[in-house]
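I opened the notebook to record what I looked up in this structure. The entries follow the order in which I checked things.

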Amino acid sequence: TKTGSVGAQVDYKIIGIDAGAGIMQATEQAIEQYGLKDWKLIEGSGAAMTAALAKAMKKEEPIIITGWTPHWKFAKYDLKYLEDPKGVYGGDEQIHTIARTGLKEDQPEAYKVLDQFEWTPDDMAKVMVAVHDGQDPKEAAKEWVSANGDKVEAWVSGAQPAEGQKIKLGYVAWDSEIASTHVVAHVLEEKLGYKVNLVQVEAGPMWTGVANGDVDAIVAAWLPTTHKDYYDKFKDKIDDLGPNLDGTKIGLVVPKYMDINSIEDLLK
Ligand code: PBE
């Protein structure tokens, strides 16, 4: 077992994800505001982060990751958020649906579904766990949709078929967004007959894309905090359809077997 301060135990590394993620910017701010001078935020991807987490958990080694809820990792492992007394990671947050300006006129049926789409962290978690367990995201989305007819009916209520029409949805390969985007795509295809083009991009291009009209919509905007910089930059060029999910959280996450509770404990 490793000994010494928490920093020494983890080589002063926080395991991050893709550089464009809001949680990366928030973590750079946390490093600054908590005075974590010796600490480094390691860039990677959602998949690399969960691989590092799996490896550490297996050996019961210490690890600090950038984590968020909803995410299957909390069902699979015993994890805890480090307290954030300075509130760097923000408070209550929602995931919003954002359309390009003009989508309402050009594709009113898809727009209606996007506007009516809303679900819960538990719903999202079911799809995420299925995908994590090895199911193809398309299949997992299809299964969730057929098992949740009532919810889906409310999303498509009043929307007319749009057979063969095309729509492009952008998303980032975060587990939460892989789940939501595939579910919405499946509903548009199965219930309305759309041809949906799913484009996986980085966070910056996703926001730029919906602002300049390259992408028709996204269901992946974490607001008001995580994507604040992107939102502020593009707010006059997009159509914010409001929250599709309430009850998210971001922060630094560690295994419960680690003997720390607050970001301030990283200074010890
Ligand atoms: N996340 C998941 C994203 C939003 C969705 C928390 C990793 C982020 O931008 O940080």
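**Confidence**

I noted that this is a predicted model. I looked up the scores and found ipTM 0.97 and pTM 0.95.

**Domains**

I looked up how the chain is divided and found two entries: domain 1 covers 6-91 + 249-267, and domain 2 covers 94-246. I then looked at the contact, which takes 15 residues from domain 1 and 18 residues from domain 2. On the domain 1 side I asked which element gives the most. It is helix H2 (residues 22-33), with four residues. By class, I listed that side of domain 1 as seven nonpolar, seven polar and one charged residues. I also took down the separation of the domain centres over C-alpha atoms, which is 27 Å.

**Ligand shell**

I wrote down the residues around the ligand: Ile17, Ala21, Gly22, Ile23, Trp68, Trp174, Ser176, Glu177, Ala203, Trp222, Thr226 and Ile250. By class, I recorded eight nonpolar, three polar and one charged residues in this shell. I then checked which helices contribute, and noted that H2 and helix H10 (175-192) each supply at least two residues of the shell.

**Helix pair H7 and H8**

I described this pair by angle and distance between axes, as is done for two packed helices. Helix H7 (residues 121-132) packs against helix H8 (residues 137-147) at an angle of about 145°, and the axes are 9 Å apart. I noted the crossing of H7 past H8 as right-handed. From H7, the residues I listed are Lys126, Val127, Ala130 and Val131, and they meet Pro137, Ala140, Ala141, Glu143 and Trp144 in H8. I sorted the residues of this contact by class and got seven nonpolar, no polar and two charged.

**Backbone details**

I looked for exceptions here, since most residues other than glycine have a negative phi and most peptide bonds are trans. I found a cis peptide bond between Thr69 and Pro70, with omega about 5°. Pro70 sits in the loop that runs between strand S3 (65-69) and helix H4 (73-76). I found another cis peptide bond joining Leu223 and Pro224, where omega is about 15°. I placed Pro224 in the loop between strand S8 (217-223) and helix H12 (228-234). I also logged Asp11, a residue other than glycine with a positive phi, near 55°. Asp11 belongs to the loop between helix H1 (6-9) and strand S1 (13-15).

Key
Residues are numbered from 1 along each chain as its sequence is written. This is a predicted model: local features need pLDDT of at least 70, side-chain atom pairs count only at pLDDT 80 or more; totals for chains, interfaces and linings use all residues. Domain bounds come from an automatic or database domain assignment. Two residues are in contact if their C-beta atoms, placed from the backbone, lie within 7 Å. Ala, Val, Leu, Ile, Met, Phe, Trp, Tyr, Cys and Pro count as nonpolar, Asp, Glu, Lys and Arg as charged, and the others, Gly among them, as polar. Axes are lines fitted to C-alpha atoms, for helices over the stretch in contact, and angles run from 0 to 180 degrees between N-to-C directions. A crossing is left-handed if the near helix is turned anticlockwise from the far one by less than a right angle, and right-handed if clockwise. A residue is near a molecule or strand if its C-beta atom, placed from the backbone, lies within 6 Å of it.
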